[in-house]
Amino acid sequence: MSLFIAKRALSCLITIFIIITASFFTVRLAPGSPFSSERDIPPEVLNNLKAKYGLDQPIEKQFVHYLENLLQGDLGLSTKYPRSVNEIIAISLPKTLQLGTIAVLWALLIGISAGVFAAIRQNTAWDYSFMAIAMIGISVPSFVLGPILILVFSLYLYWFPPGGWGSFEHMILPGITLGTVYAAYIARLTRAGMLEIIRTDFVRTAKAKGLKESYIIWKHVMKGGLIPTITYLGPAIASMMTGSVVVEKIFNTPGIGPYFVDAAFNRDYFLIMGIVIVYSTFLLGMNFLVDLLYGYLDPRIRYD
Amino acid sequence: MTPLISVKGLKTYFRTDEGLVKACDNISFDVNPGEILGVVGESGSGKTVASMSILRLIAEPPGYFDGGEIIFEGKNLLKLSMKEMREIRGNKISMIFQDPMTALNPFLKIETQLTEVLVQHKSMSLDKARAKCIEMLKKVGVSLPERRLDMYPHQLSGGLRQRMMIAMALLCRPSLLIADEPTTALDVTIQAQILELIKSINQEFNTSVILISHDLGVVAGMTNRLVVMYAGKIVESGLTEDIFNKPSHPYTKALLNSIPRIDKEQKQLDPIPGLPPSLSSIPTGCPFHPRCAYAVEKCKTTYPETAFITSDHISKCWEVSRL
Amino acid sequence: MTSQSTSKPIVEGTSLWLDAWKRLKKNRAAYLSGIVFVFLTCLCFIGPFVMKAMGFAYDAQDIAYGAHSPTLNHWFGTDFYGRDIFTRVLVGARVSLKIGLIAAIVSAIVGTIFGSIAGYAGGKIDNLMMRFVDILYALPYMFLVIIFVTITENKGETVLFIALGLVGWLTTARIVRGQVLSLKEREFVQAAHSIGVPAYLIIFRHLIPNTLGPIIVYFTLTIPTMILQEAFLSFLGLGIQPPKPSLGTLINDGANHMIVFWWELVFPSLFMAVMLFSLNFLGDGLRDALDPQMKKES
């Protein structure tokens, strides 16, 4: 078991290293530079700027330097904002994470309960309407859902603020907007997973033993039935927690998302790298957790 | 002798895309206390559906009971509520299935799967239930029962899994055990052991057994009486001995001719020509007529009346006299 | 439902595709979705010409008329410049459909080739290739597209096709690889191998045709995803550029004006939702129809 963890952790580290290398050189070798937008910069100022960020060095040297700093937890300076990347992430990431937590809770609560309920009421009106709603959830993108929620709950009903940041109320609408698509996918996956188990011979055995329906669902079906959902949850939680550029834009959330588009536009080298690293680490970490959870759920999986 | 369970005119139908499937069409049989009844037929003959109907394990819909009754302890099982039915399942009537690999839950420890029966039906504490399970595992010939309880199904061999299933079925001392092809998925050497175990359980606990099999060889030495099914109907029933000595339906006869026997001289084995019919398109008249060597014009149109060979040996064939 | 439904020995030999088609037709939701989708597609491709002939070109302005709620003349109302929103939605949806379709085709082709090569080669090559896919998976999908679009500094449709298609092939590759891995152990492939059929022929003649079911299913489900991604990018201002409309830019405009001109948000959103809804349902139905595992169920 510990060997498995060590192996997986090592492969995660290697993957992150490859991602860092690849994105470093892609961003660097692409046309354009952080200072190309300000056309009238005199050459000596430009040189000073380049020297400030270490961009006057050969690219291999810059890379080694970047890695050295990274190992000490230093993500470098933003070329657009008068701040270090660490500061920008430290300020914006917690907001995105809070929003993501609301979204995850919403998605799990709605998704799993609707999926389980639809599965045990298979082929009833409940099942059909839940699945139709889930399909709507998948078909309505967040940039449609967000404005409509604002229209209804902020501008018409005055229940929640239409955007901004500050209190818990500010997180509700963006959280729901972000989480709904995932809730819909989770509901479908959960239903399908549960149905697959409900059809198995061992559930028939459980019925033949005279066990209660609710007990069978809880004890015999849930564990195996949730495995597809868990698989999906790894990447899903990662992308909810890291937020969505669109949702944060719609609700004017001062999270990390808008910085990314901005950074990509402005060739803000270190900020792009910083955000990519944060996101990838999150995703790999979540997948790692999911793998561990598998072993707990399915005793047939061996770690070796 | 009053039968332990009495199935009368059972009709279990399924509504499917291909039309109405009459999986059990007017099935009647009794099981007497302490006896082993064999139910024989090819796959698709409705024998599994018949046994699942007793425990009401048929999915409704698409399945439904079009008629008939199943009398057990003076009550019609088809009329019981789901709650009353639960009190019978696993408690008074137990079932073991064909494939012990898939019939046990791979996600749960054996202990959970055994003790939950006692917790449900006898309201036992877990400790007491565990002790009881160990006792039962010893009875069904499982060595090191304490250690096996902590295992998961995939850590056990096929034979051991089937023993676990049998132990699970017997925990509440049911009066009827339904064994649906209990040895089909097992190695030949293990098959004999499991059959021996079922027989000894029948004698030791006086549990009646319905033994379902497609294999006449399996039921031959095990059962007191036999029911032969074909295309959802019972075509012949009687004492096992009588049926083997004087098969009175062309299908039974053909079945017997298609397996090797040591008690009779055989020149060759004769496979039955053709294939069993699809239950959604059963031939008119006697369903066996397209494959029957004795079929006459009447067989194609009219379902045979009951012919009595002896008082309890019956056959559904127009041409009994020619057999 | 165990023994009696699985043993249907006397059945006429129907092909997998005919069988699937029959099942699809029986699935009323999917069948209806298919009809709705075809209708919407026709509407998008024919509608704009009809509207233009009637004097409602998508870029015809009527500033004096300005933004107006729906009337008999302008079914979805008009925007700030007096442009007919119905026509603009049709043109926008046409752009979205085109991009969705082509991006899905690109990703299906790339994914199929990559996946089948990895699966067929096996061993170290397979390991390396799938590692590569894993790494791309670990990269933020949308971020990748954004980087690609901003780096090329080109916001034309072609860049969108490539950007979306190139990052969308990962799942197809995984699916195809899995299928090929199990298929190549089968007798007919072994047989082809033993008589010296070259690898590329085995892949194209034996392996890919047998994985077509899952590929088609995933392909139909990729189209709505691609439409969505394109709309995302356009919404962020990285996709289709005005005055050319796409559903994403229309919805973005609508969201900006929703307080006063609600119809600018509602109609494009609704149109998009119905289109995606029908495509998703169709894809779902196709999967059920082509997936032999689900066959047992109904």
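User: What makes the arrangement of β2, β1, β4 and β5 in chain B an open sheet, and in which sense do the strands pair?

Analyst: In this predicted model, the four strands of chain B follow the order β2-β1-β4-β5, and their pairing is antiparallel. The sheet has two edge strands, β2 (19–31) and β5 (75–76) of chain B, each of which pairs on one side only. Strands count as paired when at least two bridges link them. Ile5(B), for instance, has Phe72(B) in β4(B) as its bridge partner.

User: Which helix packs on this sheet, and what does it touch?

Analyst: Helix α1 (residues 47–54) of chain B packs there, with contacts to β1, β2 and β4 of chain B. The direction of this helix makes about 70° with that of β2(B).

User: How do you know that the dimensions of chain B agree with those of a compact globule?

Analyst: The radius of gyration of chain B is 20 Å, and a compact globule of 323 residues would have a value near 20 Å, so the two agree. Along the principal axes, the C-alpha trace of chain B spans about 65 × 45 × 40 Å. Of the 323 residues in this chain, 48% count as buried. Among its contacts with a separation of 6 or more, 64% come from residues 24 or more positions apart. The secondary structure of chain B comprises twelve helices and twelve strands.

User: Why is β7 of chain B described as mostly covered?

Analyst: A residue is buried when 20 or more other C-beta atoms lie within 10 Å of its own. Five of the five residues of β7 (residues 176–180) of chain B are buried, and on that count the strand is mostly covered. The cover extends to both faces: Leu176(B), Ile178(B) and Asp180(B) are buried on one side, Leu177(B) and Ala179(B) on the other.

User: What makes β7(B) a parallel partner of β6(B), and how many bridges link β7(B) to β8 of chain B?

Analyst: β6(B) and β7(B) pair in the parallel sense over four bridges, and Ala179(B) in β7(B) is the bridge partner of Ile96(B). β7(B) also pairs in the parallel sense with β8 (residues 208–213) of chain B, here over five bridges. In that pair, Ile178(B) has Ile210(B) as its bridge partner.

User: Which elements make the right-handed β-α-β unit, and why is it called right-handed?

Analyst: The unit consists of β7(B), helix α8 (residues 188–205) of chain B and β8(B). It is called right-handed because, with the strands pointing away from the viewer, the path from the first strand over the helix to the second runs clockwise.

User: What makes β9 and β10 of chain B a hairpin?

Analyst: Six bridges join β9 (residues 225–230) of chain B to β10(B), and the strands run antiparallel. Two residues lie between them, and Ala231(B) in the turn has a positive phi of about 50°. Val228(B) has Glu236(B) in β10(B) as its bridge partner. β10 (residues 233–239) of chain B is itself mostly covered, with six of its seven residues buried. Another antiparallel pairing, over two bridges, links β10(B) to β12 (residues 313–315) of chain B, where Ser237(B) stands opposite Ile314(B).

User: Why is helix α8 of chain A said to be largely enclosed, and what covers its buried residues?

Analyst: Seven of the eight residues of α8 (residues 201–208) of chain A are buried, so the helix is largely enclosed by the rest of the structure. Among these buried residues are Phe202(A), Arg204(A) and Lys207(A). Their cover includes α7 (169–198) and α9 (213–225) of chain A, together with β6 (93–96) and α3 (100–103) of chain B. Gly210(A), which follows α8(A), has a positive phi near 80°.

User: What residue classes make up the side of chain A that touches chain C?

Analyst: In total, 31 residues of chain A are in contact with 30 residues of chain C. α6(A) gives the most to this side of chain A, with six residues. By class, the side has 27 nonpolar, four polar and no charged residues.

User: How many helices and strands does chain C have?

Analyst: Chain C has 14 helices and zero strands. Buried residues make up 47% of its 298 residues.

Note on methods. Residues numbered from 1 in each chain as written. Chains lettered and ligands numbered in written order. Predicted model: local features only at pLDDT ≥ 70, side-chain atom pairs only at ≥ 80, totals over all residues. Contact = placed C-beta atoms within 7 Å. Nonpolar A, V, L, I, M, F, W, Y, C, P; charged D, E, K, R; others polar. Rg over C-alpha atoms; globule rule 2.2 N^0.38 Å. Buried ≥ 20, exposed ≤ 12 C-beta atoms within 10 Å, placed from the backbone. Axes fitted to C-alpha atoms, helices over the stretch in contact; angles between N-to-C directions.
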